[in-house]
Amino acid sequence: MKRDDEASDPMGARLGARLTELRAQHGWSLGELAERSGISRSTLSRAERAETSPTAALLNRLCGVYGRTMSQLLSEVEAEPAPLLRSADQPVWEDRASGFRRRSVSPPHTGLRAELVEGRLTAGADISYDRPPVPGLEQHIWVLDGTLDVTARDIEHRLDTGDCLRLRVWGPTRFRCPGPDAVRYVLAVVLP
């Protein structure tokens, strides 16, 4: 049970969420993290749920496992990021060689599990990923304009304007724009 001072501690809640996110990014179960850190599963679980305030020694062990300093970890959770990201400020990354353009729509927040991305592929663009960044990653792919072929688990799905595909990514995936026009889609990504 949470004490009143812990329940009202937004920093503790953000720290717990960040610890959960770091473990998910590495694809580790609580048991695997316990083995790597020497910290019991129950203590790790309580720290991730912000049911207890982790000690400096516990944080130091976790920082060692995640390859970061305590200062880095704490700076990632010190201030609540802005909840609004204007269109003009949304970062865009382009891979001109493959014809892929990615816009990060969601305001950045290390403590949250979901994000929205706008993807654009030119006609004929074909991108393959050999594995997900996090096994079991949940994706929702909503086509706004055009046609997109998505292959996951050796099953190809053809998505036309307005169609939405939801899946969990465990292995290779492929995104292909068959043309004749470019495709624009929203990708909602949810960490497990």
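## Cysteines

Cys-63 counts as buried, because its relative accessibility is 3% (buried is under 20% relative accessible area, exposed over 50% and partly exposed in between, with a 1.4 Å probe and protein chains only). The search of the whole structure finds 0 disulfides (a disulfide is a pair of cysteine sulfur atoms within 2.5 Å). Cys-164 is in no disulfide. Its nearest cysteine sulfur belongs to Cys-177 and is 18 Å away.

## About the model

This is a predicted model, in which local features need pLDDT of at least 70, side-chain atom pairs count only at pLDDT 80 or more, and totals for chains, interfaces and linings use all residues. Residues are numbered from 1 along each chain as its sequence is written, and side-chain values use heavy atoms, with hydrogens and water left out.

## Around Cys-177

Cys-177 sits in a loop. Strand 9 (173-176) lies on one side of that loop and strand 10 (183-190) on the other (strands are DSSP runs of E, at least two residues, and helices are runs of H or I, at least four, numbered from the N terminus). Cys-177 is buried, because its relative accessible area is 0%.

Residues up to four places away in sequence are not counted in what follows. Cys-177 touches Leu-121, Thr-122, Ala-123, Gly-124 and Ala-125, along with Thr-147, Ala-182 and Val-183 (contact means heavy atoms within 4.5 Å). Ser-42 is 135 residues from Cys-177 along the chain, and their C-alpha atoms are separated by 46 Å.

## Thr-173 in strand 9

Thr-173 belongs to strand 9. Thr-173 counts as buried, because its relative accessibility is 9%. Setting aside neighbours within four places in sequence, Thr-173 is in contact with Ile-127, Ser-128, Tyr-129, Thr-151 and Ala-152. Asp-130 is 43 residues from Thr-173 along the chain. The C-alpha atoms of the two are separated by 6.7 Å.

## Helices 3 and 4

Helix 3 (residues 30-37) packs with helix 4 (residues 41-48). The angle is about 110 degrees and the axes are 9 Å apart (axes are lines fitted to C-alpha atoms, for helices over the stretch in contact, and angles run from 0 to 180 degrees between N-to-C directions). The two helices are therefore roughly perpendicular (65 to 115 degrees; under 35 is roughly parallel, over 145 roughly antiparallel and the rest oblique).

Helix 3 contributes Leu-30, Gly-31, Leu-33, Ala-34 and Ser-37 to the contact. Helix 4 contributes Arg-41, Leu-44, Ser-45 and Glu-48.
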